[in-house]
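Thanks, everyone. I'll take a few minutes on one ligand site, and I'll start with the structure on the screen.

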Amino acid sequence: MGEVDPAFIQDTQHRPELAVIEAEGIPLIDLSSANASNHVSQIADACKNWGFFQVINHGVPSESRRKIEDAARKFFALPLEEKRKVSRDEVNPLGYFDTEHTKNVRDWKEVFDFVVPTPAFIPASPDPDDKELKELTNQWPQYPPELREVCEEYAREMGKLAFKLLGLISLSLGLPENRFNILFEESTNFIRLNHYPPCPIPHLALGVGRHKDSRALTILAQDDVGGLEVKRKTNGEWVRVKPTPDAFIINVGDIIQVWSNDTYESVEHRVTVNSERERFSIPVFFSPGHHVWVKPLEELTKGEKPKYRAYNWGKFFAARRRMYPMASEGRQANPVKHFVLVHGSCHGAWSWYKIVALLKSSGHKVTALDLAASGINPKQVGDLRSISWYFQPLRDFVESLPADERVVLVGHSLGGLAISQAMEKFPEKVSVAVFVTASMPGPTLNISTLNQESLRRQGPLLDSQFTYDNGPNNPPTTFSFGPLFLSLNVYQLSPTEDLALGTVLMRPVRLFIEEDMSNELMLSKKYASVKRVFIISEEDKLGKRDFQLWMIEKNPPDAVKEIKGSDHMVMISKPKELWVHLQAIAEKYS
Ligand code: OGA
Ligand code: NI
């Protein structure tokens, strides 16, 4: 593969099918006035069935489009060091950028972003009480000198077209034509010039990975090369949008999806690249004013439940801007956080499957690992002489992290002991440790006391089983949950499919002698130097809420969160809630 950065390589399931069949494409709508009586119904159908359409006879002078396309070509033809003079940075999210990642994989492209109209303001911080605004400032390069002017002219034309389209969309939802206008006062629109250079590995990389546009409406000009693909709503197939000369491609973004209460959906799309021809495109992203609360429009939710809670666009944008400087969902300059997930007794890495998917979808790096003799780890339970052997996969993993990398350690149930040992041994590698209804010994709560208290509170174990591999007169050596116990006390609020899966995937857990556990879990101020959060699971019947509170009292963490309505398997019964907490914790403590 020569010199290609592996960061560009898509996971197998996201690699493009390069021989695309240009079957039936997205609808083409002729906006000329002769056709006016059909516009509204055509738009309604297109938005419902595809979320995407093309328009022709739209009234935008071809001259204006040609000028910006020429200027974009000239700009991207500059030497990299010239383009980098207007690079975006920590302070200014606008300008040139060539290392965008979508869903954690690098895009094969370079971009130039600017806002229109100016001045444009967004909240200075995501804090709801902070009323301060920050002005977004464009960075214009010296060359080509006309870039600013042609961009501004193009932006004015796009504004006219956008309001025409918003009017039609509003009518198509049965609303007055000007219903959306007020929402776009002090809008925070931005325009992006995209350049997709020829790519030596078009079957492995994408110009832009699959994503949805997070704003209200996108108007895209693509050149004659083609590469944009839209995920067809009916069958999930990727459909190529055939370039139509002079046409614009329109799609509704997440905000129209919310306003319309899901009548219109924001649809996934991506861009493929090719090894021969470079491609240029210019999307314009229309967004409401920063003060707007985005929520389903009341006129459209009569008799229906609103499907979304209101969010303040400016604050949402300010919160996301740190992670995804200008663009859409799931995009970011760098992997944000690395989460390491450690399962509980008898379980394995598999128990985190929902959280792995969710964290990855928001662009994070995730490692779910199997402790020894768990999940698909090849060791057998009888091989484990010490609890330290059980923890070894986690220790090895944390130890092997690059010197500058810090991770968010998440332990569930018995996994709390594994992460406690890792905190003690490698405190400098851990930005925060999260105990999800997990065992949490500490310098002020030794493991023997913890075990005794846990045993004292334990209810009947029903069909669960112990084995006595050292003979009947010695303490039991392994423990496994029985199916009945799992269904009544461990997975009682989880989907039945997950209970079924869990029941077949159980492996016995080794029971270690107290002296060994005490030796391996001596926790000192090294452990205590790591930030620590406990997440209470409200309806846990295995480690009940009052036992969780008891541990919190004896070994107080930096913060305590609670997830309502979850059973012991928080990651399975309340994955979204856990996902939200984990991201907020990672954001706060690292
Ligand atoms: C985007 C996008 C499509 C294209 O930048 O959000 O979807 O064809 N671009 O460049
Ligand atoms: Ni897009």
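Which strand gives the most to the shell around ligand 1? It is β16, with 4 residues. Strands here are DSSP runs of E, at least two residues long, numbered from the N terminus.

Some housekeeping. This is a predicted model, where local features need pLDDT of at least 70, side-chain atom pairs count only at pLDDT 80 or more, and totals for chains, interfaces and linings use all residues. Residues are numbered from 1 along each chain as its sequence is written, chains are lettered from A and ligands numbered from 1 in the order in which they are written, and side-chain values use heavy atoms, with hydrogens and water left out.

Back to the shell. It holds 13 residues, and the closest are Y196, H211, H269, R279 and S281; a residue is near if one of its heavy atoms lies within 4 Å. β9 (190-196), β15 (269-271) and β16 (279-286) each supply at least two of the shell residues.

Now the polar contacts, meaning pairs of N or O atoms within 3.5 Å. The side chain of Y196 has an N or O atom 2.6 Å from an oxygen of ligand 1. For the H211 side chain the distance to a ligand oxygen is 3.0 Å, and for a polar side-chain atom of R279 it is 2.9 Å. Of the 290 Å² of accessible area that ligand 1 has on its own, the protein covers 98%, by the Shrake-Rupley method with a 1.4 Å probe.

Finally, the record: an unreviewed UniProt entry annotates residues 187-288 as "domain: Fe2OG dioxygenase". That stretch is 6% helix and 39% strand.

Notes. A polar contact is a pair of N or O atoms within 3.5 Å; within protein, one must be able to donate a hydrogen and the other to accept it, and residues adjacent in sequence count only if both atoms are side-chain atoms. UniProt positions are given in the numbering used here, feature names are shortened, and annotations may be inferred rather than shown by experiment.
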